[in-house]
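Have the sequence and the structure open next to you while you read.

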Amino acid sequence: MTDVANASSPVPASRRWLMFAFLTVALWGVWGAFAGISAQRGFPETLVYCVWALTMILPAVIVMHRAKWRLDRDPKSILYGLLIGLTGAGGQMVLFYAVTTGPAYLIFPIISLSPLITILMSLVLLKERTSRLGALGAVLALIALPLFDFSPQGFSFAQGGTWFPLALIIMACWGVQAYFMKLANNRMSAESIFFYMMLSGLLLVPVALAMTDFSKPINWGPDGPWLAAGIQILNAIGALALVYAFRHGKAIVVAPLTNAGAPLVTAVIALLIAGVVPGDLKMIGLALAFVAAALLASAP
């Protein structure tokens with residue numbers, strides 16, 4: 001079993017997880033700042049998913065080539081790999097429907113609590129532990145995450161008959177995905193995990209196509225699928241870096257750091273480029289996320 005991330009790395013093994021976690025934060029932060037452009041320019045989110053699934057192929061081929069195409073093919077590895085891929089991609093599919101039935105400003109704060117699922121499962125099942133600073137950082141990150149998207153306008157759980165359970169399903173999917181990503185790294189190569197993630201994403205492309213309303217105008221120009229590809233490749237490479245972060249680090253630290261750090265980067269970019277000043281709740285979330293990231297980065 002080959003681990004490409006270990007080859008000739010100048011980063012001490014004990015801190016290698018942090019390098020990959022910060023790479024994920026940077027890539028997903030930039031991706032988050034521009035992810036909405038494709039839909040704004042007439043390229044549907046469902047087709048953006050298809051493009052994202054295709055962008056996963058390039059990094060998968062590169063790492064598998066460097067690993068000399070040694071793919072873990074035993075039944076348990078295949079099960080773990082597909083479980084990781086399908087919970088991630090399946091959660092994305094459910095999200096497409098959820099945002100058509102409920103308010104995004106309530107759905108995304110719920111989804112953002114997925115690290116809570118990961119942390120609880122890792123504490124109970126993997127017996128992971130961290131320092132007091134790491135624990136404090138995880139708590140602050142969990143508090144900060146919902147504040148990035150939450151808006152109290154029109155808040156009513158009475159209106160959540162459809163979207164609320166869907167949001168819980170997505171939260172569970174992504175929380176479970178992160179847990180199994182860590183669990184799988186204990187028995188199979190990171191390259192194999194990402195290969196199965198790529199494969200799972202492609203398997204759900206027909207579902208995304210079926211969900212697309214082709215009767216409406218679709219932007220097939222350069223700023224449609226090609227722009228989407230340029231943006232989504234950041235997501236794909238960030239996902240690969242996340243696999244390596246879980247390989248070298250504890251899930252109870254990696255999950256909250258990456259989930260809180262990426263929105264922090266996105267908010268900073270939006271502020272610098274668009275001059276968008278965050279509201280009070282988001283400013284509190286940004287401050288908590290910054291402190292949480294610093295604490296988690298220093299956690300052993």
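The points below go from the overall fold to single residues.

1. First, a caveat: this is a predicted model. Side-chain atom pairs are counted only at pLDDT 80 or more, so keep that cut-off in mind for the side-chain contacts below.

2. On the overall picture, the protein has 14 helices and zero strands. Among contacts with a separation of 6 or more, 89% are between residues 24 or more positions apart.

3. Now the inside. The largest nonpolar core has 75 residues, and Tyr49, Phe194, Met197 and Phe246 are the ones with the most contacts inside it. Apart from it there is another core, of 11 residues, which includes Ala98, Ile107, Ile110 and Leu166. Back to Phe194: leaving out residues up to four places away in sequence, it touches Met56, Pro59, Ala60, Ala236, Ala239, Leu240 and Val243.

4. Met181 is worth a click. You'll find it in helix α9, which covers residues 163-185. Is Met181 buried or exposed? It counts as buried, because its relative accessibility is 1% and the cut-off for buried is under 20%. Beyond four places in sequence, Met181 touches Ile84, Ile193, Met197, Leu242, Val243 and Phe246. Take Ile84 from that list: it is 97 residues from Met181 along the chain, yet the two C-alpha atoms are separated by 6.3 Å.

5. Thr55 is a polar residue to look at next. It sits in helix α3 (residues 45-55) and is buried, with a relative accessible area of 8%. Where does the side chain of Thr55 reach? It goes to the backbone oxygen of Trp52, at 2.6 Å. Setting aside residues up to four places away, Thr55 touches Ala229, Gln232, Ile233 and Ala236. Ala236 also turns up among the residues that Phe194 touches.

6. Asn219 is in a loop, the one between α11 (205-211) and α12 (222-248). Even so, Asn219 is buried, at 18% relative accessible area; the cut-off is under 20%. A polar atom of its side chain lies 2.9 Å from the backbone nitrogen of Gly221. The side chains of Asn219 and Asp223 are joined by a polar contact, also listed at 2.9 Å. Further off in sequence, Asn219 touches Arg41, Gly42, Phe43, Gly224 and Pro225.

7. How many salt bridges does the structure hold? There is one. It is formed by the side chains of Arg187 and Asp74, at 3.0 Å from N to O. Arg187 is in the loop between α9 and α10 (190-203) and Asp74 in the loop between α4 (57-66) and α5 (75-101), so the pair ties together parts that are 113 residues apart in sequence. Both partners are partly exposed: Arg187 has a relative accessible area of 34%, and Asp74 has 29%.

8. On the surface, have a look at the nonpolar patch formed by Leu116, Leu120, Leu123, Val124 and Leu125. Together these residues have about 420 Å² of accessible area. Leu120 belongs to helix α7 (residues 114-125), and it is partly exposed, with a relative accessible area of 47%.

9. Last, two backbone angles to check. Which residue in the loop between α4 and α5 deserves a look? Lys68 is there, and it has a positive phi of about 60 degrees although it is not a glycine. Lys68 counts as exposed, at 60% relative accessibility. Lys127 has a positive phi near 60 degrees, again in a residue other than glycine. Lys127 is in the loop between α7 and α8 (132-147), and at 58% relative accessibility it counts as exposed.

Technical notes
Residues numbered from 1 in each chain as written. Predicted model: local features only at pLDDT ≥ 70, side-chain atom pairs only at ≥ 80, totals over all residues. Heavy atoms only, no water. Helix = DSSP H or I, 4+ residues; strand = E, 2+ residues; numbered from the N terminus. Buried < 20%, exposed > 50% of the residue type's maximum accessible area, 1.4 Å probe, protein only. Contact = heavy atoms within 4.5 Å. Polar contact = N/O pair within 3.5 Å; in protein donor to acceptor, adjacent residues only side chain to side chain. Salt bridge = Lys/Arg side-chain N within 4 Å of Asp/Glu carboxyl O. Core = buried A, V, L, I, M, F, W, Y, C linked by side-chain atoms within 4.5 Å. Patch = residues over 30% accessible without salt bridge, like charges linked within 9 Å, V, L, I, M, F, W, Y side chains within 5 Å. Areas by Shrake-Rupley, 256 points an atom, 1.4 Å probe, with all protein chains shown as cover.
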